[in-house]
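Here are some notes for a colleague opening this model for the first time. Please keep the sequence and the 3D view side by side while reading.

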Amino acid sequence: MSAKKWTDASWYNQDQKPLEIYLFIDPLSSDCWALEPKIKKLLLEYEPYLRIKHILSSSLDTLNCQTEKQRKELAKLWNDTAKKSGMPCDGNQWLKNPVESPFLASVAVKAAEMQGKKAGSRFLRSIQEQLFVEQKNISDYDVLLQCAEKSRLDLEEFTHDMHSATASKAFQCDVKIASEMEVHSTPTLVFFNENIEDEGIKVDGLYPYEIYSQIVEQMLEVPPVKKHLPTVEEFLMRFKIAATVEVAEVYNISMKEAEKKLKKLMFDKKIEKIDAVNGTFWRYIF
């Protein structure tokens, strides 16, 4: 594991919670997608203690995807990640319906964030779902508008901000933060506690949940009281769409047991099943 101390506290904004995580993410990164179950579990168990700030940091892999050779390499990377992590994604999308402008997707996220942090987070998850679940081209403007509508954004305001220099500058600001904090890959998490004189801890790459949990508990000045996990139905109610592997990892159960719980909810007409390449998703409908 690569873990480094970050000593410049000028970026830190505690915002009334004892711990803040800077999550450097590329919306098109399969590793960032594979991180989702761990982020969900951190939020569920430690939400009273932490705040997550998303910072966009597009990788060279997704920015340099114009030639057929580059797209084949990215397709292989996606499929390898799906096999290792269990999070469904189809690398063949880069051959059938590639994202032609990764920059535009990132600018759209910053435009959504101009309507609030929660609005930005909802939109980010929505475009990831369109990309990894629905195999849509998230550089298509119509797809981005659909994501904005699903995320309950003001569409007129979103359209205006998408075409303004403000959203583009906000993305460039994220890229600058990543550069100054020496973030060279996604996902990268930087953990800060409420004492701005303390060093932050930077962890780059994808690791088991226990690694992130240990860092959270070590950085808090008092031992945290973990929240009880919600029921699986409440989990789906909150996050709307989840993969079988997300339920398995969050609840620390086998894939077979997770599927059993999810099928029961499906038979009760609470959720619907979405078959995908390399896995299965479930959507809350009740």
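Is tyrosine 22 buried or exposed? Tyrosine 22 is buried, with a relative accessible area of 2%. Buried means under 20% relative accessible area, exposed over 50%, and partly exposed in between, with a 1.4 Å probe and protein chains only.

This is a predicted model: local features need pLDDT of at least 70, side-chain atom pairs count only at pLDDT 80 or more, and totals for chains, interfaces and linings use all residues. Residues are numbered from 1 along each chain as its sequence is written, and side-chain values use heavy atoms, with hydrogens and water left out.

1. **Aromatic pairs.** A search of the whole structure finds 9 aromatic pairs. Rings of Phe, Tyr and Trp (its six-membered ring) pair if their centres lie within 6.5 Å; planes under 30 degrees apart count as stacked, over 60 as edge-to-face and the rest as tilted. One of the pairs joins tyrosine 22 and phenylalanine 192. Their centres are 5.4 Å apart, with 75° between the planes, and the pair is edge-to-face. Tyrosine 22 lies in strand 2 (residues 19-25) and phenylalanine 192 in strand 4, so the pair ties together parts that are 170 residues apart in sequence. Helices (H or I, at least four residues) and strands (E, at least two) are DSSP runs, numbered from the N terminus. Phenylalanine 192 is buried too, at 3% relative accessibility.

2. **A tryptophan pair.** The ring centres of tryptophan 78 and tryptophan 94 are 5.7 Å apart. Their planes stand at 80°, so this pair is edge-to-face. Tryptophan 78 belongs to helix 3 (residues 68-85) and tryptophan 94 to helix 4 (residues 93-96), so the pair links parts 16 residues apart in sequence. Both tryptophan 78 and tryptophan 94 are buried. Trp78 and Trp94 also belong to one aromatic cluster with Trp33, Phe132 and Phe281.

3. **A charge over a ring.** Look at lysine 40 and phenylalanine 239. The charged end of lysine 40 sits over the ring of phenylalanine 239, 5.0 Å from the ring centre. The rule is that NZ of Lys or CZ of Arg is within 6 Å of the ring centre and within 35 degrees of the ring normal.

4. **Threonine 81.** This residue is in helix 3. Threonine 81 is buried, with a relative accessible area of 3%. What does threonine 81 touch, not counting residues up to four places away in sequence? The answer is Ser30, Asp31, Ala34 and Gly86. Contact means heavy atoms within 4.5 Å.

5. **Helix 5 on helix 8.** Helix 5 (residues 102-113) and helix 8 pack at about 130°, with their axes 9 Å apart. Axes are lines fitted to C-alpha atoms, for helices over the stretch in contact, and angles run from 0 to 180 degrees between N-to-C directions. The two helices, helix 5 and helix 8, are therefore oblique to each other. Angles under 35 degrees count as roughly parallel, over 145 as roughly antiparallel, 65 to 115 as roughly perpendicular and the rest as oblique. On the helix 5 side, the contact is made by Leu104, Val107, Ala108, Ala111 and Ala112. Helix 8 brings Phe158, Asp161 and Met162.

6. **Helix 6 on helix 7.** The axes of helix 6 (residues 117-132) and helix 7 come within 9 Å and cross at roughly 130°. That makes helix 6 oblique to helix 7. Helix 6 makes the contact through Phe123, Ser126, Ile127 and Gln130. Helix 7 uses Val143, Leu144, Gln146, Cys147, Ala148 and Lys150.

7. **Backbone points to check.** A cis peptide bond joins threonine 186 and proline 187, with omega about 0°. Proline 187 lies in the loop between helix 9 (165-180) and strand 4 (188-193). Two residues other than glycine deserve a look for phi. Arginine 152 has a positive phi of about 60°. Arginine 152 sits in the loop between helix 7 (141-150) and helix 8 (155-162), and is exposed at 59% relative accessible area. Asparagine 252 has a positive phi near 55°. The loop between helix 12 (244-251) and helix 13 (255-267) holds asparagine 252, which is exposed at 66%.

8. **Histidine 184.** This residue is also in the loop between helix 9 and strand 4. Histidine 184 is exposed, with a relative accessible area of 73%.
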